[in-house]
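Please look at the sequence and the model together, and keep both at hand while reading. The paragraphs below go from one group of residues to the next.

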Amino acid sequence: MIDNGTNNTIVSEFNSSELCIDDGNTSYSNFTNEHSGTNDTFMTLDEYLNKTLPLHLDQLVLDTNQRELFDTAAKSILSSALLERQQQSLQTISSKPHSSFSSQSFAQGLIVGQLSVLIVLIFAIKFFVFSEGGAKTATAKSVATTSSFMDSTKNSILSTIIKRGGKDGLEVAEQENDKSKQINSILEKTYYNVETHSPESLDWFNVLIAQTIQQFREEALQKNNIINSLNDFIERRSDELPQYLDQIKITEVDIGDDFPIFSNCIIQYSPNSNKKRLEAKIDIDLSDRLALGIETRLLLNYPKPLSAALPIQLTVSIVRFQACLTVSLTTDEQFVPTSKDVGDEMGNEKGYYLMFSFNPEYRMELEVKSLIGARSKLENIPKIASLIEYQISKWFVERCVEPRFQFVKLPSMWPRSKNTRKEKTDTDDTGSVKSND
């Protein structure tokens, strides 16, 4: 048994401890205080465990059940409220078509209003802006027409100012639009009859050509200009050489010492021009020696590269040339270039050209000297000579023999200050010396 002092201590300690329930309304301390208020005596632990504690536990269970019932009721109330709200929202949705109809009508009205504003702006721009531009265009056209009329009037006035032989330039130009009339006028005014005129000697022309050739020879001999030019040409074309040829070296250049003789010059109509173009037929005769000598090596690349090399020396000379030269002044509109590159280079250049070619019945005498080998040498092989002569003749025929022609653009003959010169005097020489000092 536990004595009363011990029991009193346990009960007081148990009463002092506060066991709180979740709702905070009931506590063991209050419960004990109430009982302690009614009963002034203290109970033992066994009595508390057997009587008071089960009652307290029953009270807790009842409170818990009441709380669960309250929560269930609250949840049911909330669910009913949610259902009512959903029903109200469905009713509002069902009642919205009237408002959507009103919003659609508002949007349609807004679009119609914007379209009407745009249409008004378009009409305003059309009648106020483009009408002015049209007026400006019409004004520009009228100005262009007026300017063209003024130009034509100015040209007609200038043509009346510029006269040819006492006649108006415009009238003469209209009469000479036909090439045949122009040629007949030239022949009539120069007293030349192409049918009865006898061939002429060109002694004066031979002198001029001889002076030109002599000047060329002097320039070629100065500082070895011709050798340097030929070497540069060979270096530029070295990539085009076949693999079996070594570098080419120039061994001889002979520019001659004689001059060509031109004779038997006659003027006649060009055969295929329908009397719209004149041409001059001139006989040419040249007896001289123009030579070029080279040396190279023939490389044998079989069975391995540069397995052997064969030295070759060639000298080609022109000793005689006779032909009939055809010379004419014409425009590029009457002829067609033989290659596309030539046409692109000429482009749209207008003006007169000096056209020349040789008659197919020409005579060209060549001398070809060859030397092949290092120790045992073969000299002047006929097959090599015939091959070289054929290639030279082919090159000449493809470029300068009828029906092929060579064109040379003639410079403008109108006097210009940059082309004006005067003969140098002694005072000019002394002045140049002083300036150099």
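Phe 321 is buried, because its relative accessible area is 9%, where buried means under 20% relative accessible area, exposed over 50%, and partly exposed in between, with a 1.4 Å probe and protein chains only. Phe 358 is buried as well, with a relative accessible area of 10%. These two residues form an aromatic pair that is edge-to-face, with 5.5 Å from centre to centre and 85 degrees between the planes; rings of Phe, Tyr and Trp (its six-membered ring) pair if their centres lie within 6.5 Å, and planes under 30 degrees apart count as stacked, over 60 as edge-to-face and the rest as tilted. Since Phe 321 lies in strand S6 (residues 308–331) and Phe 358 in strand S7 (residues 352–358), the pair ties together parts that are 37 residues apart in sequence. Helices (H or I, at least four residues) and strands (E, at least two) are DSSP runs, numbered from the N terminus. Ring pairs also link Phe 321 and Phe 358 with Tyr 362 and Phe 396 into a cluster.

This is a predicted model, in which local features need pLDDT of at least 70 and side-chain atom pairs count only at pLDDT 80 or more, while totals for chains, interfaces and linings use all residues. Residues are numbered from 1 along each chain as its sequence is written, and side-chain values use heavy atoms, with hydrogens and water left out.

By the ring rule, the count comes to seven aromatic pairs. One of them joins Phe 205 and Phe 262, and it is edge-to-face because the ring centres are 5.3 Å apart and the planes stand at 75 degrees. This pair links distant parts of the chain, with Phe 205 in helix H7 (residues 203–221) and Phe 262 in strand S4 (residues 261–269), 57 residues apart. Phe 205 is partly exposed, at a relative accessible area of 27%, whereas Phe 262 counts as buried at 8%.

How many salt bridges does the structure hold? There are nine salt bridges, a salt bridge being a side-chain nitrogen of Lys or Arg within 4 Å of a carboxyl oxygen of Asp or Glu. Side chains of opposite charge can pair when their charged atoms come close. Arg 289 meets Glu 252 in a salt bridge at 3.2 Å, N to O, and because Arg 289 lies in strand S5 (residues 278–300) and Glu 252 in strand S3, the pair ties together parts that are 37 residues apart in sequence. Arg 289 also meets Asp 254 in a salt bridge, at 2.9 Å, N to O, and here strand S3 holds Asp 254 while strand S5 holds Arg 289, 35 residues apart. Asp 254 is partly exposed, with a relative accessible area of 27%, and Glu 252 counts as partly exposed at 30%.

Turning to the cysteines, a search of the whole structure finds zero disulfides, a disulfide being a pair of cysteine sulfur atoms within 2.5 Å. The sulfur of Cys 324 is 9.7 Å from the closest cysteine sulfur, in Cys 265, and is therefore too far for a bond. Cys 265 counts as buried at 10% relative accessibility, and Cys 324 is buried with a relative accessible area of 18%.
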